[in-house]
Amino acid sequence: MAEKEVEKLRQTHENDRHWQLRRQFLLNNWGLYEEKQLVSLSMVWSNVYFDGCVISTRAHGKSEGDVSRY
């Protein structure tokens, strides 16, 4: 099941709140992407959501739908 696989993806630096939200993002999108791409998208989402990072126009076109799935 996806939950066991997702649990292995927690970063050592993530606090509980960040992990729970990124974990939900991963579970919501599991099966839509290969694991490596999904992990990358979850990190982009996390950076935008928590850190206020801005995605370039070029990259945004690739991730716009993906990041907004949460």
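This report describes the fold, the salt bridges and the nonpolar core of a predicted protein model.

Residues are numbered from 1 along each chain as its sequence is written, and side-chain values use heavy atoms, with hydrogens and water left out. Since the model is predicted, local features need a pLDDT of at least 70 and side-chain atom pairs count only at pLDDT 80 or more, whereas totals for chains, interfaces and linings use all residues.

**Overall fold and confidence**

The protein chain has 4 helices and 0 strands, and from the N terminus on its elements run α-α-α-α; helices (H or I, at least four residues) and strands (E, at least two) are DSSP runs, numbered from the N terminus. The average pLDDT, which is the predictor's confidence in each residue on a scale from 0 to 100, is 84 for the protein chain, and 79% of the residues score at least 70. Among the elements, H2 has the highest mean pLDDT (95) and helix H4 (residues 57-67) the lowest (56).

Of the 70 residues in the protein chain, 30% are buried, where buried means under 20% relative accessible area, exposed over 50%, and partly exposed in between (1.4 Å probe, protein chains only). The protein chain exposes about 4900 Å², and carbon and sulfur atoms supply 49% of this area, as computed by the Shrake-Rupley method with a 1.4 Å probe. Among the contacts (heavy atoms within 4.5 Å) with a separation of 6 or more, 42% are between residues 24 or more positions apart.

**Salt bridges**

Side chains of opposite charge can pair when their charged atoms come close. A salt bridge here is a side-chain nitrogen of Lys or Arg within 4 Å of a carboxyl oxygen of Asp or Glu, and by this rule the count comes to 4. The table lists some of these pairs.

| Asp 16 | Arg 10 | 2.8 Å |

Arg 23 is buried, with a relative accessible area of 13%, whereas Glu 3 is partly exposed at 37%. Glu 3, Glu 7 and Arg 23 are linked in a network of salt bridges, and the side chains of Arg 23 and Glu 7 are also joined by a polar contact of 2.4 Å; a polar contact is a pair of N or O atoms within 3.5 Å, of which, within protein, one must be able to donate a hydrogen and the other to accept it, while residues adjacent in sequence count only if both atoms are side-chain atoms. Leaving aside neighbours within four places in sequence, Arg 23 is in contact with Glu 3, Val 6 and Glu 7.

In the other listed pairs, Asp 16 is exposed, with a relative accessible area of 54%, and Arg 10 is partly exposed, with 33%, while Glu 14 and Arg 22 are buried.

**Nonpolar core**

In soluble globular proteins, nonpolar side chains tend to be buried together. A nonpolar core is a set of buried Ala, Val, Leu, Ile, Met, Phe, Trp, Tyr and Cys residues joined through side-chain atoms within 4.5 Å. The largest one has 11 residues, including Val 6, Trp 19, Phe 25, Tyr 33, Trp 45 and Phe 50, and the elements that give two or more residues to this core are H2 and helix H3 (35-51). Not counting residues up to four places away in sequence, Phe 50 touches Arg 17, His 18, Leu 21 and Trp 45.
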